[in-house]
Amino acid sequence: MSSRARNAAAALRKGSAFLIVGAIGFVVDAGVYNLLVFWGGEGVMYHSPLPAKIIAIAAATVVTYFGNKWWTYRDKKPGNAARQYLLYAAVNVAAIALQLSCLAFSRYVLGLSSPLADNIAGLFVGQGVAVVFRYWAYDKFVFTDSGDRPAGHTGR
């Protein structure tokens, strides 16, 4: 297999793994948020959608950290675990700000507070922006240490 083909296969594997881990995180995010805000009509945090979103994103962040560390970026040398997790958390704080700004704009500028509006703004639009940012930032700042493996090695 040529070097170009190996690199393309590795990029496809990494991108696919990132999207699958992200999809699992999306389900955790959406599930926790909707339970907190809309369970039984008006959930325990119905009048506090932004703190509920922070809790939902925090739960999803824990799930996605381990998914990305052990699967998406498994071909990277672990490096300093505390530093890596701190950077991962910092990237996610920035991503949370992106997601919250979309939800806040919908709720407080546009005056939309239905489950559909919250989910479109906070999950689909906010999450879409945050996914692109996270993919770039994880590779650039978090999972940066190259392993001693040959190029194109998938970590198996």
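Let's start with K53, which lies over the face of Y33, 5.4 Å from the ring centre. For a charge to count as sitting over a ring, NZ of Lys or CZ of Arg has to be within 6 Å of the ring centre and within 35 degrees of the ring normal. R107 gives us another case: its charged end sits over the ring of Y46, at 5.9 Å from the centre.

Before we go on, a word about what you are looking at. This is a predicted model, where local features need pLDDT of at least 70 and side-chain atom pairs count only at pLDDT 80 or more, while totals for chains, interfaces and linings use all residues. Residues are numbered from 1 along each chain as its sequence is written, and side-chain values use heavy atoms, with hydrogens and water left out.

Now, pLDDT is the predictor's confidence in each residue, from 0 to 100. The chain has a mean of 85, and 92% of its residues reach 70 or more. Please be careful with residues 147-156, where the pLDDT is below 50. Beyond near neighbours in sequence, that stretch has 14 contacts in the model, a contact being heavy atoms within 4.5 Å.

Side chains of opposite charge can pair when their charged atoms come close. Here we ask for a side-chain nitrogen of Lys or Arg within 4 Å of a carboxyl oxygen of Asp or Glu. How many salt bridges does a search of the whole structure find? It finds 4.

One of them joins K53 to D29, at 2.9 Å from N to O. D29 lies in helix α1 and K53 in helix α2, so this pair ties together parts that are 24 residues apart in sequence. (Helices are DSSP runs of H or I, at least four residues, and strands are runs of E, at least two, numbered from the N terminus.) Are these two side chains buried or exposed? D29 is buried because its relative accessibility is 2%, and K53 is buried too, at 1%. Buried means under 20% relative accessible area, exposed means over 50%, and partly exposed is in between, using a 1.4 Å probe and protein chains only.

R107 also has a salt bridge, with D118, at 2.7 Å from N to O. That pair links helix α4, which holds D118, to helix α3, which holds R107. Both D118 and R107 are buried.

Then there is D139 with K14, at 2.8 Å. D139 is in helix α4 and K14 in helix α1 (residues 3-38), so parts 125 residues apart in sequence are tied together. D139 is partly exposed at 29%, whereas K14 is buried at 15%.

Finally, the rings. Rings of Phe, Tyr and Trp (its six-membered ring) pair if their centres lie within 6.5 Å; planes under 30 degrees apart count as stacked, over 60 as edge-to-face and the rest as tilted. The structure holds 16 aromatic pairs. Why is the pair of F66 and W70 called tilted? Their planes are at 40°, with centres 4.8 Å apart, so the pair is tilted. Both lie in helix α2 (residues 49-72), about one turn apart. F66 is partly exposed, at 35%, and W70 is exposed, at 60%.

Y88 and F143 form an edge-to-face pair, 6.1 Å centre to centre with 65° between the planes. They are 55 residues apart, with Y88 in helix α3 (residues 81-109) and F143 in the segment after α4 (115-142). Y88 is buried at 0%, and F143 is buried at 2%. Ring pairs link these residues into a cluster with others, including F18 and Y135.
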